[in-house]
Amino acid sequence: MQQQGLLQPQTSVCELISRLGYVQIDSINVVERAHHHVLHSRIPQYQPQMLDTALAQGEIFEYWSHAAAYLPIADYRFSLQRKQQLQNGGKHWFEPDDKVMQEVRARIRAEGPLKASDFEHAEGKNGAWWDWKPAKKALEQLFMRGELMVVRREKFQKCYDLTERVLPEHINTQAPSESEFARHLIERYLAAHAFGSAAQIAYLRKGIKANVNEQLAAMQSQGELASFKAEGQWYFYRPELQITAAIPNRVWLLNPFDNLLIQRQRLKQWFDFDYQIEVYVPAEKRQYGYYSLAILWRDCFVGRVDVKAERQSGLLLLQQLTLEEGFSGMDDDFCAAFEAAVTEYARFNGCSRWKLVKANHKAFKQLYARQQTI
């Protein structure tokens with residue numbers, strides 16, 4: 001929690017993304033989008049335009065981490081390894097069309113930043129997401145290869161420009177070696193999570209685990225890292241690591257893509273919290289709801305709450321609140337902290353009221369049976 005920036009207020013978007021290593025971008029908008037929520041959870045008085053400003057000022061950039069993400073601009077050179085692989089014939093999601101890519105690149109050079117919707121498509125209405133029109137495929141391929149960068153998003157659409165016109169001049173553009181890249185992953189992971197295994201550090205990255213293991217061994221032999229063993233697995237950490245921040249009587253509502261939650265196995269092992277997002281689960285099979293936020297009380301995950309913002313009416317619905325069966329800390333402190341967290345989250349979503357629809361604990365049914373006005 002300390003390493004994740006939850007215990008001490010963070011001062012800026014750039015500082016926080018540098019601390020976390022990345023913030024994942026997600027398109028689901030039943031409530032405010034996940035990347036904004038991650039920042040809101042850690043930066044007092046956060047507003048979405050703060051992220052837009054950081055991107056516009058070249059403090060962060062958008063690219064692929066283990067998923068689409070905002071990354072610190074200081075880490076730009078570590079995106080070049082993947083870009084070079086694609087430039088040398090590696091595949092992303094589909095076969096590149098060199099002719100369309102050349103046409104798209106030429107238009108952006110002549111006209112400035114453009115979105116996929118700025119290109120006409122003569123073949124009729126698009127199908128599903130994988131049936132992207134040729135220009136959109138070309139834009140994405142050029143972006144993944146590093147020839148284009150995202151300068152902003154308009155109604156969540158990427159707006160692309162030439163990298164040579166976007167990237168700040170002082171940024172290092174020398175691609176890292178495999179050992180440098182592995183070391184970078186280790187340093188970023190341990191800075192954000194305090195300790196981790198080779199598998200966790202290499203999470204969702206192909207062909208890198210051997211190099212990570214090699215660098216972990218080298219760093220440990222040089223005294224840069226220490227290790228411990230748990231459940232048959234070695235975990236590594238910085239010897240100088242210290243816990244300096246006190247844990248307050250506070251509730252955090254964390255979204256499914258929050259950096260603290262994203263590795264579910266780690267969450268289960270160290271917090272005994274079996275968490276799954278049910279967006280992709282058929283409605284009849286969901287246990288906790290479509291978009292359930294994890295409820296973190298002090299240093300324990302104690303439940304989840306399914307949320308939906310009815311923006312036109314300004315109402316945040318807590319559609320289903322489910323506390324863990326083993327949670328025995330239901331008292332006035334927790335109830336007050338939970339209400340404060342929900343009230344702040346409602347404000348963040350532009351809602352002036354919130355309402356609990358369903359709960360599995362009698363105390364909440366009695367306390368919050370009526371709609372709460374902020």
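Analyst: Start with the salt bridge: a side-chain nitrogen of Lys or Arg within 4 Å of a carboxyl oxygen of Asp or Glu. Glu 62, Glu 140, Arg 153 and Lys 158 are linked in a network of such bridges. Keep in mind that this is a predicted model.

User: How many salt bridges does this rule give?

Analyst: The count comes to 22.

User: What makes Glu 147 and Arg 105 a salt bridge?

Analyst: The N to O distance between their side chains is 2.8 Å. The cut-off is 4 Å, so the pair qualifies.

User: Which parts of the chain does that pair tie together?

Analyst: Glu 147 lies in the loop between helix 6 (134–145) and strand 4 (148–154), and Arg 105 lies in helix 5 (residues 98–111). These parts are 42 residues apart in sequence, so the pair ties them together.

User: Why is Glu 147 called partly exposed?

Analyst: Its relative accessibility is 24%. Buried means under 20% and exposed means over 50%, so Glu 147 falls in between. Arg 105, at 23%, is partly exposed by that rule.

User: Glu 147 also forms a salt bridge with Arg 145. Is Arg 145 buried or exposed?

Analyst: The closest N and O atoms of Arg 145 and Glu 147 are 3.1 Å apart. Arg 145 has a relative accessible area of 16%. That is under 20%, so Arg 145 is buried.

User: How do you know that Glu 224 and Arg 183 form a salt bridge?

Analyst: Their side chains meet at 2.3 Å, N to O. That is within 4 Å, so the label holds. The pair links distant parts of the chain, 41 residues apart: Glu 224 is in the loop between helix 10 (209–221) and strand 7 (226–230), and Arg 183 is in helix 8 (residues 178–193). Arg 183 is partly exposed at 25%.

User: Now the rings. Why is the pair of Phe 143 and Tyr 160 called edge-to-face?

Analyst: The structure holds 18 aromatic pairs. For Phe 143 and Tyr 160, the ring centres are 6.0 Å apart and the planes are at 65°. Centres within 6.5 Å make a pair, and planes over 60 degrees apart make it edge-to-face, so both tests are passed. Phe 143 is in helix 6 and Tyr 160 in strand 5 (residues 157–162), 17 residues apart. Phe 143 is buried at 3%, and Tyr 160 is buried at 5%.

User: What makes the pair of Tyr 345 and Phe 348 tilted?

Analyst: The angle between the planes is 45°, with 6.4 Å centre to centre. Under 30 degrees would be stacked and over 60 edge-to-face, so the rest, tilted, applies. Tyr 345 and Phe 348 are 3 residues apart in helix 12 (residues 332–348), about one helical turn. Both are buried.

User: How do you know that the charge of Arg 33 sits over the ring of Phe 156?

Analyst: The charged end of Arg 33 is 4.0 Å from the ring centre. The distance limit is 6 Å. Arg 107 lies over the face of Phe 119, at 4.5 Å from the ring centre.

User: What makes strand 1 and strand 2 edge strands?

Analyst: The open sheet of 3 strands has the order 1-3-2, with antiparallel pairing. Strand 1 (23–24) and strand 2 (60–64) each pair on one side only.

User: Why do strand 1 and strand 3 count as paired?

Analyst: They share 2 bridges, in the antiparallel sense. At least two are needed, so the pairing counts. Val 23 has Tyr 70 of strand 3 as its bridge partner.

Notes:
Residues are numbered from 1 along each chain as its sequence is written. This is a predicted model: local features need pLDDT of at least 70, side-chain atom pairs count only at pLDDT 80 or more; totals for chains, interfaces and linings use all residues. Side-chain values use heavy atoms; hydrogens and water are left out. Helices (H or I, at least four residues) and strands (E, at least two) are DSSP runs, numbered from the N terminus. Buried means under 20% relative accessible area, exposed over 50%, partly exposed in between (1.4 Å probe, protein chains only). A charge sits over a ring if NZ of Lys or CZ of Arg is within 6 Å of the ring centre and within 35 degrees of the ring normal.
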